[in-house]
Amino acid sequence: MSTEPELDADVAEMSFEDRLEALVGTRVLERDDHKNAPGFVIRPDDVQDVLFDLRDEAGFDHLSCVTAQQYDDRYESIYHLKQYDDPTREVSVVVPTSTDNPVSQTAEPVFRSADWAERENFDLVGIDYEGHPDPRRILLPETWQGHPLSQDYNQEKPQVVTLSEHANPLQADHKDTETDTMFLNIGPHHPATHGVLHVKTVLDGETVVDVDPDIGYLHRCEEQMCEQGTYRHQIMPYPDRWDYVSAGLLNEWAYARAVEDLADIEVPEYAQVIRTMGAELCRIAAHMLALGTFALDVFGDFTAVFQYAFRDREVVQDILEDLTGQRLMFNYFRLGGVAWDLPEPREEFFEKTRDFLDDLPHKVSEYEDLIVTNEIFQIRCVDTGILEPEVAKSYGATGPTARGSGIDMDLRRDDPYGYYENLDWDVITEDGMDNYSRVLVRMGEVEESAKIIEQCVDLLEDWPEDDREIQSNVPRTLKPEADTETYRAVEAAKGELGIYLRSDGTDKPGRFKIRSPCFHNLSTLAEMTEGEYIPDLIASLGSLDIVLGEVDR
Amino acid sequence: MSNEPTQQIYDSTAPSTETQEDRMGPGVDARMNSKLREAFGSSPFILTKFDQFMNWVRGSSMFMLQFGIACCSIEMIHTYAIKHDLDRFGAGVPRASPRQADVIIVPGTIVSKFGPRMKRVYDQMPEPKFVIGMGSCTISGGPFQEGYNVVKGAEEIIPVDIHVPGCPPRPEALIYGVAKLQERVANGESSPVVVKPYELEQFGDLERDELVQKLADQIDEEDLVMRYNWADSP
């Protein structure tokens, strides 16, 4: 590629930034640019005004993440905006509020995704959002006292948790005698919720009237853990445990990418190829699990599809174990590269990987016979759980969930990282907007991932022996410059997995915020299921493919 | 009492006894020629104590609770599924309802909100019940031990019989843990179920500020109240 178009893009970007500043106009108090995007500081009561303008005039239709944090002298909410058409176009809206009275206007009327995001910020950091339709805690129990990520929180304080707010799930509870609806608890211990999700459902006969996902049963303080660790080594094991269905390397990449951007670390090309290959292997394993458990949910197929999916996962996990040394929690990426080179003898590893890839088309066609063309499956999935693209965008849905609704966004292509832009592969989208489309997208992505892996294996096989640099030179104690901020995302198995990082000059992050794709995908559940039948709720939940470790963090 | 069988028994079983004697030859253990053996003829039988038999049955046919919490549950599913196939060891039928299960594998981190839920699920299981703690999180809180919301091990809430360390343990490790539990159960060694580790009380000596008072007023006797005293946790 010549450099000329890039220069042009730069000029366009500059003027775009200026246009943005002109659009926000006098409401800009000052600039607070982040590494990834221009940042505009605004007053807490201008939030909706500015966001409406940015959405309608400048096309920022994706509220990617809402970060909250406390400084010594102020609280701060940051709205990270993006465009679905071009995710490299980013802007941050910074809203400081005073320490005594941390009240900020809610962004919920502009973006539905702000609903849950702001609830989380209230829960963990303690910022009140004025006008928020549902200002409850979201992750911690209702009875919790204090906000754990605020500065004056005392972790030693005893806490009391009751079961009183949840009725006995075995008892039919006619909450309202007038309308004859029934309240039903699904979860948190239920085979179809894929973990510890609790869905409070109101039924009218078999029709779902109201759905309220209650999350936080696996909130294990990932952000706090990451803020306590040093950049170089202590944080990397944690990403593996966010999305734990073998998608570890994809998550590690999110962290690696954020820090590499924060501290300007180069990654050798050879390491990028290995990363790309490992990440795609993980994606296959993750999608296999989604497929198997979905078949289990909708037509109770424990014996065939579920077991087949796990058979194939075992093969992938074996390859990943050869590569990284672990079956599930890889801890293989390092800042500026990977931990070690491919296992010796390399030929054996390549052969094993190629064997897997050669078998895959046959297996995929087997899944097609068993799942996609299965009549029961089609009855359960076609035209159920409809998610309109506009609704999906407003809720910040990404990944296969968005692509099943025809939204053509994939960060691997649109915001390239790793080695993806040099490889030949396609983004899979389907226009059906239903549960069926989301499954088709995942199955298509498995094939695309296989194409990527094959090209990576070809590259690695021919890579000259004296040029196999797996890690660039990174200082032992990494201390990025104080007050550098960045928000960087990668395409994980479930969608856009982003990390917001603020350095405070020490070897540990000042603020570490995780933008979880599952969290936002799950918030669309109510839109998909209200007015539908209760079995469709289970199918829709399965097709969202959530992992509670990532929803709750 | 003579060691010789009565005439009536002798007559009815003589043909098979003779065959047996011919087959075994001289010098065999006297037990083989007991009255019981005479009574049963050549049909096989075992002598055992009823408890021992029950323990053996219990250990050889375990019904697991299908209970997924976190990362470890993925490896737990792999243990049930193809390749590792826990069913080979008579422990591979996950039950969706706690009322049908006698073993609960706790596969993951327990946080404050989930604690009371797990306690309730455990209480719903019929006695005798056994608990396998899978992974570091159920031992101490594992990598999340310092978290503000993480219960420092399953033993704060329910008694655990077998701990399987690892983050996550490999399927082989879980199978080993299950086999060890089976061994213990079959030997009747399993520790009695105790109710000590969790606290079931109405706010105890917690300072009665406004919120605590309000909650205390709302509590009815049936409620499960869990009090986390993080400072005293290990």
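Two strands count as paired if DSSP finds at least two bridges between them. I kept that cut-off in mind for this predicted model, starting with the sheet in chain A.

**Sheet, chain A.** I looked up E1(A) and strand E2 (residues 39-41) of chain A and found 2 bridges joining them, with the two strands running antiparallel. Since the cut-off is at least two bridges, I log E1(A) and E2(A) as a pair. Then I traced the whole sheet: 5 strands, open, ordered E1-E2-E5-E4-E3 in chain A, with mixed pairing. Which strands stand at the edges? They are E1 (30-31) and E3 (62-70) of chain A; each has a single partner strand, so one side of each lacks a neighbour in the sheet.

**What sits on the sheet.** Helix H3 (residues 113-124) of chain A packs there, touching E3 and strand E4 (74-82) of chain A. I jotted down about 15° between the directions of H3(A) and E3(A).

**Helix pair, chain A.** Next I checked H6 (residues 269-299) against H13 (residues 435-461), both in chain A: they pack at about 150°, axes 9 Å apart. Angles over 145 degrees count as roughly antiparallel, and H6(A) and H13(A) are therefore put in that class. Their crossing is left-handed.

**Chain B, quick pass.** I got 8 helices and 6 strands for chain B, in the sequence pattern α-α-α-β-α-β-β-α-β-α-β-α-α-β. Of its 234 residues, 45% are buried. Among chain B contacts between residues at least 6 apart in sequence, 74% join residues at least 24 apart.

Definitions and conventions. Residues are numbered from 1 along each chain as its sequence is written. Chains are lettered from A and ligands numbered from 1 in the order in which they are written. This is a predicted model: local features need pLDDT of at least 70, side-chain atom pairs count only at pLDDT 80 or more; totals for chains, interfaces and linings use all residues. Side-chain values use heavy atoms; hydrogens and water are left out. Axes are lines fitted to C-alpha atoms, for helices over the stretch in contact, and angles run from 0 to 180 degrees between N-to-C directions. Helices (H or I, at least four residues) and strands (E, at least two) are DSSP runs, numbered from the N terminus. Angles under 35 degrees count as roughly parallel, over 145 as roughly antiparallel, 65 to 115 as roughly perpendicular and the rest as oblique. A crossing is left-handed if the near helix is turned anticlockwise from the far one by less than a right angle, and right-handed if clockwise. Contact means heavy atoms within 4.5 Å. Buried means under 20% relative accessible area, exposed over 50%, partly exposed in between (1.4 Å probe, protein chains only).
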